[in-house]
Amino acid sequence: MDDSVKRLLQRLVRRIPAQMLRATFEKWGRLTASQQRTVNASQPKWALAEALLEIGEENGWTVKDITELEMSYIMDYPNQGTWYVFQFMDPEDDADTVEFIKFKESFKYHLKDLTITVSIKIKKHTDDAVWIRIAWGDDFSPPNHLKPTYVVHYLQTPYVFVTNMTTKQKPLLFQALVLSARYQVMNDANLSGRKFTAVRDLLMKQYQQVFPNKYPSPLAERDESVSNPLVEREHVEAATKRLQMACEAFGDGMLPQLQTSVYKLETKFKDHTNKTMLEREKPFRCVVKFASANLLESLRSCASSGIASTPVTPLLASIILKGRNYFVIKDNITGPCDQTRQPRD
């Protein structure tokens with residue numbers, strides 16, 4: 001193995017959690033039964049990496065073998081990094097007939113036609129998702145396998161999930177995708193998150209959606225010391241109503257684990273006593289960001305407990321109803337409007 005393959009293997013071993021190593025190696029299929037017994041996942045990562053390097057030298061592993069290992073791990077444990085969602089628009093007449101083999105061949109052809117120094121690996125997951133791993137290079141350097149871009153596309157849907165893409169790579173990737181999927185353009189879906197499964201489930205409605213019209217039963221008594229039955233009844237009715245409104249906004253089941261929601265306000269200065277500021281051409285801009293380990297669950301809990309006022313504002317309810325977590329609010333617009341974001345370099 002050359003030095004670049006060794007660095008890629010060492011980095012990958014450090015990246016994969018110890019409890020996932022054995023299952024990942026078994027699925028990879030590059031280790032014999034005796035070699036799997038030699039590789040002890042409980043030993044320190046540096047020792048494990050050294051053992052794998054020795055086996056790799058013996059087996060003659062190439063960069064293709066190591067990227068297969070990485071891709072196998074990422075496909076089974078995709079909840080890492082930040083995933084951005086994009087949406088195809090304006091389909092061609094044959095967009096709904098594109099199959100995996102046709103898409104795979106077309107994507108490789110178009111992307112390599114746009115940039116020669118690129119390494120592409122495409123696999124189909126058990127849930128019919130097409131996974132694409134892209135290592136980018138340029139005129140002066142070969143593909144960098146240490147910083148690949150991952151793309152996930154479910155055929156016959158307009159959605160594409162991307163992580164680790166730079167602004168420079170975006171137009172090349174988008175052009176190859178729209179040509180291969182038989183669409184005209186791709187737009188930002190204004191949805192992102194660190195957990196791929198949560199972003200996917202929210203956008204494609206693959207979670208339990210229960211929006212009750214009436215909460216089934218009163219809440220159980222929480223304070224036995226309340227002696228006045230009228231006060232007790234009023235408290236229970238208020239709590240039940242808050243819970244009802246929270247469930248109507250966010251549902252009554254498990255929610256996708258989003259971490260952030262961003263609201264960007266753009267407004268004109270409206271104080272007519274200040275002519276200098278009133279003549280300002282550019283609007284004032286302000287950004288509000290909500291963050292939590294499980295944002296939707298936190299918002300539902302705040303509403304049902306009385307920390308946040310009810311009924312829930314449409315701006316917060318739009319996260320789950322519209323499948324977005326980035327909104328732009330402008331003058332003379334009652335609700336959030338579309339706005340395209342650029343991925344970070």
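**View 1. The cysteines of a chain with 0 disulfides.** The structure holds 0 disulfides. The model is predicted. Cys 247 is buried, at a relative accessible area of 2%. Cys 302 is partly exposed, and its relative accessible area is 25%.

**View 2. The whole chain, for orientation.** The chain has 345 residues, and 45% of them are buried. Its secondary structure comprises 12 helices and 9 strands. Among contacts with a separation of 6 or more, 70% join residues 24 or more positions apart. The accessible surface comes to about 19,200 Å². Carbon and sulfur atoms hold 51% of that surface.

**View 3. An open sheet of 6 strands.** The strand order is S2-S3-S4-S5-S1-S6, with antiparallel pairing. Strands S2 (118-124) and S6 (183-193) are the edges, and each pairs on one side only. On average, neighbouring strands of this sheet are turned by 20° against each other, direction ignored.

View 4. S2 and strand S3 (residues 129-136) run antiparallel and are joined by 7 bridges. Across this pairing, Lys 121 stands opposite Arg 133 in S3. Helix H5 packs on the sheet here and touches S2, S3 and strand S4 (149-154). The direction of H5 makes about 45° with that of S2.

**View 5. Helix H7 across the sheet.** H7 covers residues 170-181. The helix lies across strand S1 (83-91) and also across S3, S4, S5 and S6. H7 runs at about 120° to S6.

View 6. The structure holds 14 aromatic pairs. One of these pairs joins Trp 28 and Trp 61, with ring centres 4.8 Å apart. Their planes meet at 65°, so the pair is edge-to-face; the cut-off for that class is over 60 degrees. Trp 28 lies in helix H2 (residues 18-28). Trp 61 sits in the loop between helix H4 (45-59) and helix H5 (63-76). The pair therefore ties together parts that are 33 residues apart in sequence. Trp 28 is buried, with a relative accessible area of 6%. Trp 61 also counts as buried, at 5% relative accessibility.

**View 7. A phenylalanine pair between strand S5 and helix H8.** Phe 161 and Phe 196 form an edge-to-face aromatic pair. The distance is 5.3 Å centre to centre, with 75° between the planes. Phe 161 belongs to strand S5 (residues 159-163), and Phe 196 to helix H8 (residues 196-204). The pair links distant parts of the chain, 35 residues apart. Phe 161 and Phe 196 are both buried.

**View 8. An aromatic cluster.** Ring pairs link Trp 83, Trp 131, Tyr 150, Tyr 154, Phe 161 and Phe 196 into a cluster.

**View 9. Strands S7 and S8.** Strand S7 (residues 260-267) pairs with S8 in the antiparallel sense, over 8 bridges. Ser 261 stands opposite Phe 290 in S8. How many of the 8 residues of strand S8 (residues 284-291) are buried? The number is 0, so S8 lies largely in the open.

Notes:
Residues are numbered from 1 along each chain as its sequence is written. This is a predicted model: local features need pLDDT of at least 70, side-chain atom pairs count only at pLDDT 80 or more; totals for chains, interfaces and linings use all residues. Side-chain values use heavy atoms; hydrogens and water are left out. Helices (H or I, at least four residues) and strands (E, at least two) are DSSP runs, numbered from the N terminus. Buried means under 20% relative accessible area, exposed over 50%, partly exposed in between (1.4 Å probe, protein chains only). Contact means heavy atoms within 4.5 Å. Accessible areas come from the Shrake-Rupley method with a 1.4 Å probe; for residues, only the protein chains shown count as cover. Rings of Phe, Tyr and Trp (its six-membered ring) pair if their centres lie within 6.5 Å; planes under 30 degrees apart count as stacked, over 60 as edge-to-face and the rest as tilted. Two strands pair if DSSP finds at least two bridges between them. A disulfide is a pair of cysteine sulfur atoms within 2.5 Å. Axes are lines fitted to C-alpha atoms, for helices over the stretch in contact, and angles run from 0 to 180 degrees between N-to-C directions.
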